Amino acid sequence: MITFILNNKTIKTSEHSGTTLLDFVRYQQRLTGTKIGCREGDCGACTLLVGTLTNDTVEYQSITSCISPLGNAHGKHIVTVEGTNLKDKLTTAQEAMKANYATQCGFCTPGFVVALTGFALSNSDKNYSNAIDAISGNICRCTGYKAIEKAAHEVVEKLENKKETTLDWLIENQFIPDYFESIPKRLNDIAAKDLKQPKGKYVSGGTDLYVQQADNLADNDVHLIAEKDYLKGISIENDICTIGTNSTVSDLWNHTELNSILPNLRKHLKLVSSEQIRNMASLGGNLVNASPIGDMTIFFLAFNSTITILNSEEKERTVSLKNFYQGYKTYDLKDDELLKSIQFKLPTEHTFFNFEKVCKRTHLDIASVNAAIHISIENETITEAHVSIGGVAAIPKYLHDTSAFLIGKPLTAETILNANEILQKEIAPISDVRGTSDYKRLLGRQLFFAHFTTLFPKQFTLNDFIQHA
């Protein structure tokens, strides 16, 4: 029995756990403010808030419900736009949208309202940049966005740049209704036990699988693993970072120590997806999706990561990620196995990391080509190099030959130009909807050069490479 709180109502349902949360909310509960748009997690019209009880406090995150399995709502507080309503008045987010003429046809408006409400409830700094991040997964075809951005700015002003906002303050200032105060105790009273899971396809966040297989997953048994504690967590010990495969991109985004070690981490992760998807998508799911352009796969390949694999008898084995992929959408994983964790060595003062991505939209889009590098420099000599690139082969590509060539070479434009020639021999892009083969080769070259101009701006400019390429 799936048990959770939907707005102010406790739900107990035997509905199939693989049904999408969107369909349950709209068709079973008739809460039609949550819209059906793309069904791919792209448009944000179906945005909901998911509240998770942690140490007697409920932490809220926004998600796209069209690609989220209903079973993942078990033990949570799910908030639709109807659940944000006040009696006989508009909430702060709703009033901001109205006052700034930020709605026209109205189809996307509930998603924006829910996302802005989630921003107010979140633990992030209450500044304009974070407010825009909060609605980064919401698309509007009418307004041109400037009115919506003004509405977001007004919400930020009402929050008075508070780093933390209590439920009492948010209720008093008309961001949320007063029933939110009762949710921590009610979730604690529910004390939802682990959902009984049948044997079936493993599903974590669902953001990859539900795009292509939603109907199949709704009709057949699924084994939901998003709440398995042994697959969660991020730890750092002896300069090794270990990440549970149920961890999300947002878990990396919010990890204080990782951000201090990798100061550009959020800049890189912002290229991966919208905030809603970052809150949902598991890192393990991204790896086993095996997409040749999987952003986080390219990210971890450049860190020369290893992965720990767990079987049904709880026996573990470790595999280098660069050897995990065997062909298009095929990899070294048996039917009874799960990815348990990802491990990589953290950068030191002599090492540098960079991630680049080109796609048709700046954010929330599948890459045409993406690339990453992790490189160590001592006395102007490259002592270690790991280069990865996506969108140019049948698998997420670790560039063995290019990486090996760089080691022991001086950090000069000549070295980088010669390395690009090897890179071009290692890749084999095909023409498709994201670009021609020649275009992808050009992107591969430009992103490779961009690593060095970004990491060593005083030493290299793009002209140093282009005029000789």
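How do the axes of helix H16 and helix H17 cross, and within what distance do they come? The axes of H16 (residues 413-426) and H17 (residues 437-455) come within 10 Å and cross at roughly 145°. Axes are lines fitted to C-alpha atoms, for helices over the stretch in contact, with angles from 0 to 180 degrees between N-to-C directions.

This is a predicted model, in which local features need pLDDT of at least 70 and side-chain atom pairs count only at pLDDT 80 or more, while totals for chains, interfaces and linings use all residues. Residues are numbered from 1 along each chain as its sequence is written, and side-chain values use heavy atoms, with hydrogens and water left out. Helices (H or I, at least four residues) and strands (E, at least two) are DSSP runs, numbered from the N terminus.

Six of the eight residues of helix H1 (residues 21-28) are buried, meaning under 20% relative accessible area with a 1.4 Å probe, protein chains only. They are Leu21, Leu22, Asp23, Phe24, Val25 and Arg26. Strands E3 and E4 are among the elements that cover them. Just after H1, Arg30 has a positive phi of about 60°.

E3 (residues 47-54) runs antiparallel to E4, and eight bridges join the two; strands pair if DSSP finds at least two bridges between them. Leu53 has Val58 of E4 as its bridge partner. Two residues separate the strands of this hairpin, and Asn55 in the turn has a positive phi of about 50°.

**Nonpolar cores**

A nonpolar core is a set of buried Ala, Val, Leu, Ile, Met, Phe, Trp, Tyr and Cys residues joined through side-chain atoms within 4.5 Å.

| Core | Residues in core | Members include |
|---|---|---|
| Largest | 39 residues | Tyr60, Met97, Leu159, Leu170 |
| Second, separate | 36 residues | Trp253, Phe300, Leu301, Val319 |

In the largest core, Tyr60, Met97, Leu159 and Leu170 have the most contacts inside it. Strand E4 and helix H3 (109-121) are among the elements that each supply at least two residues of this core. H3 gives the most, with eight residues.

**Thr245**

Thr245 lies in the loop between strand E9 (240-244) and helix H9 (249-253). Thr245 is buried, with a relative accessible area of 4%. Beyond four places in sequence, its contacts include Leu231, Ser282 and Ile342; contact means heavy atoms within 4.5 Å.

Key: Buried means under 20% relative accessible area, exposed over 50%, partly exposed in between (1.4 Å probe, protein chains only).
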